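Open the model in your viewer and switch to cartoon view. Keep the selection tool at hand. We will go from the whole chain down to a single residue.

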Amino acid sequence: MNMVFKPLTYGGFTLRQATNRDCDAVISLVDSVYREYGDKLMPEGADSDLLDIESSYFNEGGVFVVLEARDKSIVAAHSVLRRPDQVGGCWFKRLYLHPALRGGEWGNILMNWAIVSARQMGLKRVEFWSDTRFKRAHTFF
């Protein structure tokens, strides 16, 4: 079942379903977070899902959203991806926020979106993907 997410506009931002047109902006966002930790994005390796969001998420029964600012820049992302090896299971992946949004309401909004989306998709078990270095994120989870 492919889920379609209707855009939500709040506080000058729009949360909407991602498309492949967003790949470069999402890659830039994720890479900027990695660089905060002295790392970099590996699009030909562990981060190859970001090169084709539609195939990696939507074609696999998942959903991926981005948060777009008024200037059309992508300032956050999040996804729900079904686990093919586990009936009713999913991963929450790619929760990234621009530093200015961290610690505010958008982290909660994105997490609530993922929980509601997983329920609507009939999923009952969630695993989170997070880098062990993202200590602030772990306190959030």
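Start at the N terminus and follow the chain: its elements run β-β-α-α-β-β-β-α-β-α. That gives 4 helices and 6 strands. Helices (H or I, at least four residues) and strands (E, at least two) are DSSP runs, numbered from the N terminus. This is a predicted model: local features need pLDDT of at least 70, side-chain atom pairs count only at pLDDT 80 or more, and totals for chains, interfaces and linings use all residues. Residues are numbered from 1 along each chain as its sequence is written, and side-chain values use heavy atoms, with hydrogens and water left out.

**Stop 1: the sheet**

Select the 6 strands. They form an open sheet in the order β1-β2-β3-β4-β5-β6, and the pairing is mixed. Two strands pair if DSSP finds at least two bridges between them. Which strands stand at the edges? They are β1 (8–10) and β6; each has a single partner strand, so one side of each is left without a neighbour in the sheet. Neighbouring strands of this sheet are turned by 20° against each other on average, direction ignored. Such angles use axes, lines fitted to C-alpha atoms (for helices over the stretch in contact), and run from 0 to 180 degrees between N-to-C directions.

Now zoom in on β1 and β2 (residues 13–17). They pair in the antiparallel sense over 3 bridges. Click Leu8: its bridge partner in β2 is Leu15.

**Stop 2: the helices on the sheet**

Select α1 (residues 23–36). It packs on the sheet and touches β3 (63–68), β4 and β5. Contact means heavy atoms within 4.5 Å. The direction of α1 makes about 75° with that of β5. Next, select α3. This helix touches β1, β2, β3, β4, β5 and β6, and its direction makes about 25° with that of β4.

**Stop 3: strand β5**

Select residues 89–97. This is β5, and 8 of its 9 residues are buried. Buried means under 20% relative accessible area, exposed over 50%, partly exposed in between (1.4 Å probe, protein chains only). Look at the β4 side: β4 (residues 74–82) and β5 pair in the antiparallel sense over 6 bridges. They form a hairpin with 6 residues between them. Click Gly88 in the turn; it has a positive phi of about 80°.

Now look at β6 (residues 125–128). β5 and β6 pair in the parallel sense over 4 bridges. Gly89 has Arg125 as its bridge partner in β6.

**Stop 4: the core**

Select Leu15, Val26, Ile53, Phe64, Leu67, Val80 and Trp113. These have the most contacts inside the largest nonpolar core, which has 42 residues. A nonpolar core is a set of buried Ala, Val, Leu, Ile, Met, Phe, Trp, Tyr and Cys residues joined through side-chain atoms within 4.5 Å. Its largest share, 7 residues, comes from α1.

**Stop 5: Ser79**

Select Ser79, in strand β4. Is Ser79 buried or exposed? Ser79 is buried, with a relative accessible area of 0%. In β5, its bridge partner is Lys93. The side chain of Ser79 also reaches the backbone oxygen of Lys93 at 2.9 Å. Not counting residues up to four places away in sequence, Ser79 touches residues including Tyr57, Phe64, Trp91 and Trp113.

How values were computed:
A polar contact is a pair of N or O atoms within 3.5 Å; within protein, one must be able to donate a hydrogen and the other to accept it, and residues adjacent in sequence count only if both atoms are side-chain atoms.
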